[in-house]
Amino acid sequence: MSRSARIRLFWAAAVVFAVVYTLACTGLPHFGTTVHPYGSRAVAASLRQRTANVVSSINFDQRALDTLGEESILFASVLGTTALLRHARDERVGRPRAGRVLPSTRLLGLVMVPLTLLTGVYIVAHGQLSPGGGFQGGVILATGLHMVYVAADYLVLKRIRPLGVLDVADACGAGAFVALGFAGLIAGAAFLQNVLPLGTFGEISSGGLVPLLNAAVGIEVGSGIIVLLASFLDQAVEVRSETDSGSGERT
Amino acid sequence: MTVLPFLTAGWIFLAGVYGMVTSRDIVHAVGCLAVAQSSTYVLLLTVGYRRGGIAPYFTDTPLRTRTVDPVVQALALTDVVVGATVTALLLALAIQIRKRHGTVDPDALTGLRG
Amino acid sequence: MNTATAQEYLIAVALVLVAASATAAALARDPVRQAVLLAVLGLCLTVLFTLLQAPDVALSQLAVGTAVTPLLILLTVRKVRRATASHHDRDKRGPEGTDES
Amino acid sequence: MVRTADLLPLAVAVPLLGAVVLVITGRRLPRPAIDALVTVWAALEVAGLVLLWLRTGDGHSVSWLGGWTPVHGESVGIVLVGDRIGIGLALLTSALVLAVVVYSWRYFDEPPVAHAGTFPALLLLFEAGMVGFALTGDLFDTFVFFELMGAVAYALTGYRIEDPRPVQGALVFGVVNSLGAYCSLLGIGLVYARTGELGFAQIGVQLTRHRPDALLSVAFVLIVTGLLVKAAVVPLHFWLPDAHSVAPTPVCMLLSGVMVEFGVYGVARVYWVVFSGPHGIAEPHLRATFVTAGVLTALVGAVMCWQQRHLKRLLAFSTIGHVGLFLAGVALLTPAGTAGVALYVAAHAGVKAALFATTGVLLDRFGSVDEHGLYRRGRELPFVGALFTVGGLALAGLPPFGTGLGKAVVEHSGQERLPWLPAVFVFVSALTGGAVLRAGVRIFAGAGPRPRERYAGPETTGGGEEPEIRDPRRRIPVPMLAVPAVLLAPALAVGLLPGPGVALAHAARQFTDRTAYTAAAFGHHVGPSAPVPDVGWNTEGVLLGLVSTVMAVLFAAVAVWGPVLRSPLVGPVTAVCEGVGRRVIVPLRRLHSGHLGDYVAWLAVGVAVLLVAMTV
């Protein structure tokens, strides 16, 4: 199909979609409606479970299976991406050169890296109380580590990034989620049931299973995203096919 | 204002699809997929908005305060994660396509036809 | 004008910003420009989600939409763009060459 | 002793845990140990699902995750609901995964994968996604498992990164499927806005309180879009041949055998439980639209299948043809139609997987899946040839194979309302079976003259493939021959033994009973309302099965020996064929351009057409 035919086809479809979708939207409850039956029930359930962050309560307690699926997608994607970006038979690995970094950047990095890592841990640990949780904290942890790349260089990043361990940590995080799900079955309740003591409302230990699942997700996401970024960095900086003649320095 | 948020979601979706239809670079097409996906966040969260509601956290708010719908937020959170990981997977494939085909232009990828 | 109405006006502004940045990101032809615009879209979405009282999602969007996804795209582009000069000989022994026969 | 309800989440959790274990131990264990581990794990999953199937019987198994059992008919949790169709599909999936695991014992021996556990771990994650999709009773959870099986499938499809075509097919697959999934999510958002619920049963109850309007239809269309993309319904089907023809053979067995069928299952489940109630989607409207879509898909799939010389692409198009038949059968909206499709799907999974498995042997042996290039070369593999031929006959619906029985039941159920439907079924199964037989006769018997290259348009040949196993001198591993043989046996058993038919007839009645599902989700029990459909061989079914088989043989014979035939009839017939080819088939083949933008545009068109068809 020619480019213009394709675009004409799209416009025809888009016009139909726009008209019918607009028609449908007029049938929706108004923006800002006060009727949210499921939402109201979820808030009540969250308070019963002594979890101050209702979103965490939904993600890790009420609809924990969604999160289990989501973490499995993350696990599968990390696994798939590392498999897809593995070194093929006809590729060789170049050695990246150490780059020069301004002293001020280095200093900023030295301050920022531990700060970001601490923030990440804090956000994971307080997921049941305040905005944030395993996923957000995990991403911040992973991004914080990569500030080393900015502050120092790729070789330093490689040294402080034990990929073999992180691979396993990623799997362990995913496994821990499933294993914590089994806790309910072992206690004679349902899969993923929040059977641990719920603690005091508003405390860091409140919410029963929620902080533990949060930690599992934090470990999985943190190590998973590092592994993910590592495969991309590896491709962008190091791997060359036999015919490529590019150099591996930083730009 | 009553339907504007929902229509915005539809607009973003169509914009993303348009970008994919006209794309000349598969990396760009994957980026457009991410645009199309952001329409789902917008729809979910605007659907769950409650006039005058606050964020669903009770750390230091009275327990009877009216909140917005937390369920859609949990769904959107899942959606964000799914979107990011799928994007990573597709970008990995794009890298391999460039390596094996020497191009990322969909017009030049003619290995599978008929 | 009470606070709820003011809030809704702010949301409307954020929605327009999101729609505009999404359109720009979809229309940007160059992947590097697109990565930057995706980061902008991520920021606009973060603002919108904060206004919609969804700080959890806003935080995720900030981490993923403005940092991780654009970074991945940039790394991919860097890999894809490299050594454009040397790929012509690869093309010739690619599968397309054998398939057309 | 495990409670029956707990078997439902276990069916999802067990493969997930298996994937984790494989990733953790994969670096240290030798290859045979990994193969043994994954086989045991897959067998464990089959055992669990068999137990669930037996214990559930004709009722429903219900498990509210996290113990959020409804109080006063309301819950905040996710429910897993197992009925015969859902559990049966999960069981079929797990059995096929076990077969695939055994088949790939020696697969990917050579590529220097640092991590031998990755491929089997991905297989188990794929299994978890499909089983979860089959059992979930929650709309958003459906999306999550849909994405899980999608994400794993993209990675598995592009697994052979040394070969250029898999990575391209995987990307197209990933982009189109993800876009479809986001359509579904938009639809879920609309439904949530209207009803404020996410469970199938809860939404269904809430929707009866609203008048049917544009919103209902649009939400329905958007939700099913993702599922129809997965089911490869025309014009959302373009990704399928590109992905299924290039994926590693064991993955193809799963993709064509069960994953595509999950799309049809999803559409049927969502319709029956969520949208079929009073004030729901109008039955005649839905029937007309989806039977048309199914028939169109079936015809396009069959015609394109016949045109292929790339064997895996041929099989992929035959999957499209059959999925079209499945969709048409389900869209009859009768218990009998559903029962027939269930039988058909079960048998088709075995047959199609066996055909892909034998094609894998050819790829292993000769590094090619090109019908023309392999001409006469398969004569040294008579056993493989026999399996391939039996597979082709079964695909054509030869009694007493289960494919024939399923086809007969659907034809019988549909012909009252749509008298022309059996003709479509016979034509599609004959053409797809005929294409397989044609290839089989040429490759394994060396019959007819050497095929000539007559077609000048765009084509994927299938020569020069990267062999998936890199030592062509060694003997064919026993599992690669045993698995296809074993896979054909249940396809025969489904048709021959009365047991599966009776079970699936009950299953279909239960599946199409919205009240029973809703009641079961809330912990009540309602007796069945409709009579059990009659599924069994009758004279008419046997005759139609024989007709399609004979037609398949004729098609194959004409294609193979036609060119050397000397008869006054040949000239005009060839002229007619070429005329049709120029006007219809060449343009149709050109549409399958492998171009991502084209496919996305077609997706938009498909959605637009469905929107118009369902709202006007």
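The model is predicted: local features need pLDDT of at least 70, side-chain atom pairs count only at pLDDT 80 or more, and totals for chains, interfaces and linings use all residues. Residues are numbered from 1 along each chain as its sequence is written, while chains are lettered from A and ligands numbered from 1 in the order in which they are written.

**Stop one: chains A and D**

Select chains A and D. Here 56 residues of chain A are in contact with 62 residues of chain D (C-beta atoms, placed from the backbone, within 7 Å). Now colour five helices of chain A: α1 (3-25), α2 (37-48), α3 (54-62), α4 (64-84) and α8 (163-186). Each supplies at least two residues of the side that touches chain D. Helices (H or I, at least four residues) and strands (E, at least two) are DSSP runs, numbered from the N terminus. Zoom in on α4(A): the largest share of that side, 13 residues, comes from this helix. By class, the side of chain A that touches chain D has 36 nonpolar, twelve polar and eight charged residues. Ala, Val, Leu, Ile, Met, Phe, Trp, Tyr, Cys and Pro count as nonpolar, Asp, Glu, Lys and Arg as charged, and the others, Gly among them, as polar.

**Stop two: inside chain D**

Select domain 1 (1-136) and domain 2 (137-447 + 477-615) of chain D; the bounds come from an automatic or database domain assignment. Their centres, taken over C-alpha atoms, are 23 Å apart. Across the boundary, 37 residues of domain 1 are in contact with 43 residues of domain 2. On the domain 1 side, pick β2 (79-82), α3 (84-103) and α4 (118-135) of chain D, which give two or more residues each. Finish on α3(D), the source of the largest share, twelve residues.

How values were computed
Two residues are in contact if their C-beta atoms, placed from the backbone, lie within 7 Å.
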